[in-house]
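Subject: Structure for your review

Dear colleague,

Please find below the structure that I am handing over to you.

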Amino acid sequence: MLEICCGSGHSLKYNAQKGAGELWGVDLSQKQLDNAAKLLNDSGYSARLICSKMEDELDGPKDYFDYVYSIYGIG
């Protein structure tokens, strides 16, 4: 699952708690990604976190994700 504009990682953590097997997050702010990594690591989870604009092409696999979502970034 990929979250666009994942911020501090709370939604990624929620999805991990609900059984998501592989977490990816994209955010413009490296500071937010650092916060997300700490939150997830402290909770026993991990994610691939990418610092990028949501408009830019993802530096990752194509046609890979089962779910792509955004709570705050796309509105």
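Predicted model: local features only at pLDDT ≥ 70, side-chain atom pairs only at ≥ 80, totals over all residues.

Residues are numbered from 1 along each chain as its sequence is written, and side-chain values use heavy atoms, with hydrogens and water left out.

Cysteines. Searching the whole structure gives zero disulfides (a disulfide being a pair of cysteine sulfur atoms within 2.5 Å). The closest cysteine sulfur to that of Cys5 belongs to Cys6 and lies 8.0 Å away, which is too far for a bond. Cys5 is partly exposed, at 24% relative accessibility, whereas Cys6 is buried at 5% (buried is under 20% relative accessible area, exposed over 50%, and partly exposed in between, with a 1.4 Å probe and protein chains only).

Strands. Strand 2 (residues 24-27) pairs with strand 3 (residues 48-51) in the parallel sense, over four bridges. Pairing requires at least two DSSP bridges; helices (H or I, at least four residues) and strands (E, at least two) are DSSP runs, numbered from the N terminus. Within this pair, Val26 stands opposite Ile50.

Loop residue. Ser52 sits in the loop between strand 3 and strand 4 (68-69). Ser52 is buried, its relative accessible area being 17%. Leaving aside residues up to four places away in sequence, Ser52 touches Val26, Asp27 and Leu28 (contact means heavy atoms within 4.5 Å).

With kind regards
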